[in-house]
Amino acid sequence: MSYTSEIFDRTNIQHIREFLLYGVECAEISDKSYKQRIDESSKTAIEMIQAKFPDMAEHEKITAEVYSYASRVEDVYMEIGLQCGITLAMQLFRLFRGGKDGNGVLA
């Protein structure tokens, strides 16, 4: 296997995510859809909350707080992701533009 083949074999959004968020390579690639991965995680969390808080009023209160927290984290990481994407797009643009006059990676 050539050096470049190994790079393309590792090109996976889950690998990139793990590296950008945690600085490590993703050990296992999930073949499940986004919905399946979220649903499985949600089901486990809800079952745990139901077991700890059988009173429906307490259950709803804690569930609302958990969802609120998850929503804020989602918002923050979406904003970070957009900023990273724009930064990468700008870098690529500079490389492509520089490539036309011999200063970039593209000839």
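## Helix H2

Helix H2 (13–22) is followed by glycine 23, which has a positive phi, near 75°. Helices here are DSSP runs of H or I with at least four residues, strands are runs of E with at least two, and both are numbered from the N terminus. The model is predicted: local features need pLDDT of at least 70, side-chain atom pairs count only at pLDDT 80 or more, and totals for chains, interfaces and linings use all residues. Residues are numbered from 1 along each chain as its sequence is written, and side-chain values use heavy atoms, with hydrogens and water left out.

## Overall fold and confidence

The protein has 4 helices and 0 strands, in the order α-α-α-α from the N terminus. Of its 107 residues, 9% count as buried. Among contacts (heavy atoms within 4.5 Å) between residues at least 6 apart in sequence, 5% join residues at least 24 apart.

The average pLDDT, the predictor's confidence in each residue from 0 to 100, is 82, and 88% of the residues score at least 70.

## Histidine 59

Helix H4 contains histidine 59. This residue is buried, with a relative accessible area of 11%. Leaving aside residues up to four places away in sequence, histidine 59 touches Ile46, Ile49, Gln50 and Phe53.

## Largest pocket

The largest pocket holds about 1,200 Å³ of space. Its lining has 26 residues, of which Arg17, Ile38, Val73, Glu74 and Tyr77 are the closest to the centre. Helices H2 (13–22), H3 (34–52) and H4 (56–100) each give two or more residues to this lining; H4 gives the most, with 11 residues. A pocket is an open set of points on a 1 Å grid over the protein atoms alone, where a 1.4 Å probe fits, with protein on both sides within 12 Å along at least five of seven lines; lining residues have an atom within 4 Å of a point. Grid points are joined across faces, edges and corners, and the volume is the space filled by probe spheres set on the points.

By class, the lining has 17 nonpolar, 5 polar and 4 charged residues. Ala, Val, Leu, Ile, Met, Phe, Trp, Tyr, Cys and Pro count as nonpolar, Asp, Glu, Lys and Arg as charged, and the others, Gly among them, as polar.

Technical notes:
Buried < 20%, exposed > 50% of the residue type's maximum accessible area, 1.4 Å probe, protein only.
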